[in-house]
Amino acid sequence: MKICVCPGSFDPITYGHLDIIKKAAKIFDRVIVLVVINPAKRPTFTVKERLEMINIATDDMPTVVSDCYDGLLVDYAKAVGACAIVKGLRGISDFEYEFQMALTNKKLCDSIETIFFNTSMYNMYLSSSVVRQVASFGGDISGLVPKKLHGIIKERFKRD
Ligand code: PNS
C-alpha cells in the first residue's frame with residue numbers, strides 16, 4: 001500500500017490544501033493529513049479543532065485520514081510506513097523554504113521522497129492566514145474554505 005503524508009499547520013484547512021490533498025489521493029492508496037506542531041507559529045485553532053475541520057472537509061474522501069504529531073516529520077512518516085511527503089507549491093515564494101525542508105528531510109531519511117504538487121491557479125493567493133484575516137473582520141470566506149467549516153471559523157472570530 002502506497003501511503004503519503006500531507007503535513008502542515010492547517011490553521012484552518014483551506015480549499016488550497018484540499019486541492020493538494022485531492023491530487024495526492026489520486027496517486028496514493030492512503031493520504032494522511034498531518035497536523036504538525038510548528039513551534040514557530042501560534043495557532044488560532046486548537047489541534048482538536050484543526051483535526052475536526054480536516055475530518056469534516058475530507059469526509060467524502062474515503063482514503064484520506066487525519067492525525068497530529070509533535071516531532072520530526074520523517075520520524076512520523078517512517079513509523080506509519082509512508083513513502084512520500086506531499087507538499088503544495090503556490091509559487092516561487094514558497095519554493096525556497098519548501099526546498100530547504102525537502103532537502104533536510106531527505107538528509108534525515110533517504111527512503112522518503114518529498115513530492116510537490118502545484119496549486120491550481122484559482123487557489124494561488126490562498127492561505128490559512130488569508131482566511132483568518134478575512135474572518136477576523138467578518139468578511140466573506142466562501143470560496144476560501146468549504147461551507148461546512150464556516151460555522152466553526154466564524155464562531156472563533158465572533159465579536160461580542
Ligand atoms: O503549514 P506549515 O506551518 O508551513 O507546515 C510546516 C511543517 C509543520 C510541515 C514543518 O514545520 C515541519 O515539517 N515540522 C516538523 C519538524 C521537522 O520535521 N522539521 C525538519 C524539516 S526542516
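Visitor: Where do I start with the fold? What pattern does the protein follow along the sequence?

Guide: Start with the elements. The predicted protein has six helices and five strands. Their order is β-α-β-α-β-α-β-α-β-α-α.

Visitor: What does the radius of gyration say about the protein?

Guide: Compare it with the value for a compact globule. For 160 residues that value is near 15 Å, and the protein has 15 Å, so the two agree. Along the principal axes, the C-alpha atoms fill a box of roughly 50 × 30 × 30 Å. Buried residues account for 42% of the 160.

Visitor: Which strands pair with β4?

Guide: Look at the bridges. Strand β1 (residues 3–8) runs parallel to β4 and is joined to β4 by two bridges. Strand β5 (residues 113–118) also pairs with β4 in the parallel sense, over six bridges.

Visitor: Is strand β4 enclosed or open?

Guide: Count buried residues. In β4 (residues 84–89), five of the six are buried, so the strand is largely enclosed by the rest of the structure. In a regular strand, side chains alternate between the two faces of the sheet.

Visitor: What hand does the β-α-β unit of β4, α4 and β5 have?

Guide: The unit is right-handed. Its helix, α4, spans residues 92–108. Phe95 lies in α4 and is partly exposed, at 38% relative accessible area. With Phe99 and Leu103, Phe95 forms a nonpolar surface patch of about 280 Å² accessible area.

Visitor: How many salt bridges does the structure hold, and how do I read one?

Guide: There are 10. Ask where each partner sits. Arg132 pairs with Asp11, with the closest N and O atoms 3.4 Å apart. Arg132 is in helix α5 (residues 128–136) and Asp11 in the loop between β1 and α1, so the pair ties together parts 121 residues apart in sequence. Arg132 is partly exposed at 23%, whereas Asp11 is buried at 5%.

Visitor: Which parts of the chain does the Lys148 and Asp59 pair link?

Guide: This salt bridge has an N to O distance of 2.9 Å. Lys148 is in the loop between α5 and α6, Asp59 in the loop between α2 and β3, 89 residues apart. Lys148 is partly exposed at 43%, and Asp59 is exposed at 55%.

Visitor: Are Glu98 and Lys87 buried or exposed?

Guide: Both are buried. Their side chains meet in a salt bridge at 2.8 Å, N to O. The pair links helix α4 to strand β4, 11 residues apart.

Key
Residues numbered from 1 in each chain as written. Predicted model: local features only at pLDDT ≥ 70, side-chain atom pairs only at ≥ 80, totals over all residues. Heavy atoms only, no water. Buried < 20%, exposed > 50% of the residue type's maximum accessible area, 1.4 Å probe, protein only. Helix = DSSP H or I, 4+ residues; strand = E, 2+ residues; numbered from the N terminus. Pairing = 2+ DSSP bridges. Right-handed = clockwise from strand over helix to strand, strands pointing away. Patch = residues over 30% accessible without salt bridge, like charges linked within 9 Å, V, L, I, M, F, W, Y side chains within 5 Å. Areas by Shrake-Rupley, 256 points an atom, 1.4 Å probe, with all protein chains shown as cover. Salt bridge = Lys/Arg side-chain N within 4 Å of Asp/Glu carboxyl O. Rg over C-alpha atoms; globule rule 2.2 N^0.38 Å.
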